Amino acid sequence: MPLFDPPQVLIVGAGMIVQDQILPSLYHLQRQARIAEISVCATSHATVRRLAEAESWSRAFPGHSFRMYPDAPSHSPQPALYREIIARMPPRQIVVVAVPDQLHSEVILEALRHNQHVCAVKPLVLQHSQAGEIAREARSRGLLVAVEYHKRFDDRSLMARRAYREGHCGEFRLGTACLLEKWYYRNSNFQNWMTAENSDAFTYIGCHYVDLVHFITGLLPVSVSVYGILDRFPNGNQGYLWTDARVIWNNGACLNVQNALGFPDAAPGTNTQGLTLYCQGAWEGGLISHSDQYRGLKYCYTNPVAYQEPSPDYFQYVDLGGPGLVPIGYGYRSIEAIVSAAIRVNVEGPAVLEEIDRAGILATPANSSYNECVIEAARESIRNGGREVSCSGAEV
């Protein structure tokens, strides 16, 4: 018999990442009896209804469902409904924050003030001061806040981290990274919130690689410059849909990061992405190079006719012979690790939070606020034509 009740989980938001990664990961954890009831809250009943009726659920997770909020159609959107739902939850459950970037802070703080653990999609928030406020609130209540930087749970990243930190690679000097999402993202809800005044391609996508370079090397960013190209979404809204960033690190190293919603829909794979770090040893050069968009698979389908180079690593469903399908990949492992950490805090007490922060595998406000320093500086830089801006507050 368990010594504690499995936690309930509330997801605030019902967008693409919820359907593609978060909800199926939670369904699998629910199937294992590691979490209890799952709820999803969005601004409209139509949004949560579409999520509930996705074709994949009946095949992958027969018999599983979530509680919908709003639970019935209404005449107008209900953007504050999540506050009511969080207020009804018993303490020390889990709230997953999967709303647009600029809304993260208010939802996270609402959850913390009602004594709930938090899993937030990246980036945590857009300002360093907000990250500090969240860290203090979480620590004062003995709660876990973890940022879902799922690339940390890619075996490649963990292998590179160990090799670098054991001294096998030398010292990072120059690097390049890119992640360009498919063009069709422009037709999604991104066009309603990833607008020039709120976010940009580097803030939303490039933050993965700022986080990953620290995760691998332990270095901290000290300045950033971001050049953004304004473009229009199909609905006419403007956004910085193409960005080129230059991040300087506290050992003098430089990382260039290119991001966009611009990878051709007709191209194979779901995006193009990769990371290369050139390093310096005592008498020799070192290299870490991850070509992440190509995982060695080439498929040509007949129904429907399509050529694809799918990735088996981020998130896939496989049939292992049991009921439904099993999610695999670092997308699932990331959600599992955060849920497991929240349960551990409930069982062992808040003292383990310092251990979690110190280990540095999960990104928390206490050990990853350098990301918010970079994002805040990047937003200032992009508004000023790519001017270099200091990340003087970056720390762990």
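# Definitions set against the values

Colleague: Which charged side chains does the protein chain have, and how far apart do the centres of the positive and negative sets lie?

Modeller: The protein chain carries 33 positive and 39 negative side chains, and the two centres lie 1 Å apart; Lys and Arg count as positive and Asp and Glu as negative, while His and the chain ends are not counted, and each charge is placed at NZ of Lys, CZ of Arg, CG of Asp or CD of Glu. This is a predicted model, in which local features need pLDDT of at least 70 and side-chain atom pairs count only at pLDDT 80 or more, whereas totals for chains, interfaces and linings use all residues. Residues are numbered from 1 along each chain as its sequence is written, and side-chain values use heavy atoms, with hydrogens and water left out.

Colleague: How many helices and strands are there in the protein chain, and why is it called as compact as a globular protein of that length?

Modeller: The protein chain has 12 helices and 17 strands, where helices (H or I, at least four residues) and strands (E, at least two) are DSSP runs numbered from the N terminus. Its radius of gyration is 21 Å, close to the 21 Å that the globule rule gives for 396 residues, so the chain is as compact as a globular protein of that length; the radius is taken over C-alpha atoms, and the rule is 2.2 Å times the number of residues to the power 0.38.

Colleague: What makes strands E12 and E17 stand at the edges?

Modeller: The open sheet has 7 strands in the order E12-E11-E7-E10-E9-E8-E17, with mixed pairing. Strand E12 (285-290) and strand E17 (389-390) each have a single partner strand, so one side of each is left without a neighbour in the sheet.

Colleague: Why is Val107 called buried, and which residues does Val107 touch?

Modeller: Buried means under 20% relative accessible area, exposed over 50% and partly exposed in between (1.4 Å probe, protein chains only); Val107 has 2%, so it is buried. Val107, in helix H5 (residues 104-113), touches Val12, Tyr82, Val97 and Val99, not counting residues up to four places away in sequence, a contact being heavy atoms within 4.5 Å.

Notes: Pairing = 2+ DSSP bridges.
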